[in-house]
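Here is a short briefing on one protein model. It covers confidence first, then two residues.

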Amino acid sequence: NNITPSSVVASPEVIKGSSPPPPPPQVIWLSGGCGSGKSTTASMIKQQQCHPTAIVIKVSKLLRRHAEENPHTKAGQVIVETITSGAIEDHFDITLRLVLHEIDRKLKEAAVNQQRDAQLVIIDGMPRTALQATKLMELGGGSKVFSIVYFDCPDEERIKRLSERAREGEDWKQRVETDSVEREKFNALSVAHPECMFMISSLIPKEERLKQLLSFIEEHQQH
């Protein structure tokens, strides 16, 4: 089946006897190199009750769960190979389909639980590359309910953060080099597509990062 924008922003099923269905959910894709602070900021959205009903999907966790539950499927094996090799562009379509399926599942779950205000979806850790970002923007058709936020972190700062938390044997230096190339491409994309892409500096305090993200979310709800 082809992936279409409607598969992402389709409203959840209407509960029998309920009021008219809610508007399409707002989907915010959080991107940035390793150690840029995107996951920390994403977790703060719910921890600080900014958007208590927001749906937050961490892509790396989703992929690992799928691989563990489906070790003998082609998708499960591909995911394991991708994670092991550190490849960030390979098999984008598989990852995207899993993410879209998870969005749909979470929205239906919210509808069943009558959480009809669960209209904000945060995708933590995708897109990984500028090429993936371009594909997502094409998928969203420039819609404000389908936006990308990139956490911009200089190489020196990412090296410092990753060296402090790296596991033994982890090749984080290669990841920094790869992310550095993508960082320049993301900067160019944000200039070319300000209507659906926003940059947040990772050097500012995490509270300020959260404030800027919330401001962006509020601005793009006015569609």
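Is aspartate 152 buried or exposed? Aspartate 152 is buried, at a relative accessible area of 16%; buried means under 20% relative accessible area, exposed over 50%, and partly exposed in between (1.4 Å probe, protein chains only).

This is a predicted model, in which local features need pLDDT of at least 70, side-chain atom pairs count only at pLDDT 80 or more, and totals for chains, interfaces and linings use all residues. Residues are numbered from 1 along each chain as its sequence is written, and side-chain values use heavy atoms, with hydrogens and water left out.

**Confidence**
- The mean pLDDT (the predictor's confidence in each residue, from 0 to 100) is 79 for the protein.
- A score of at least 70 is reached by 77% of the residues.
- Among the elements, strand S5 (residues 197-201) has the highest mean pLDDT, 94.
- Helix H1 (residues 5-9) has the lowest, 47.
- Helices (H or I, at least four residues) and strands (E, at least two) are DSSP runs, numbered from the N terminus.
- Residues 1-18 stay under 50 in pLDDT.

**Aspartate 152**
- Strand S4 (residues 146-152) holds aspartate 152.
- Beyond four places in sequence, its contacts (heavy atoms within 4.5 Å) are Arg183, Asn187, Met199, Ile200, Ser201 and Ser202.

**Isoleucine 200**
- Isoleucine 200 sits in strand S5.
- Isoleucine 200 counts as buried because its relative accessibility is 0%.
- Leaving out residues up to four places away, isoleucine 200 touches Val149, Tyr150, Phe151, Asp152, Arg209, Gln212 and Leu213.
- Its C-alpha atom is 9.4 Å from that of leucine 210, 10 residues apart along the chain.
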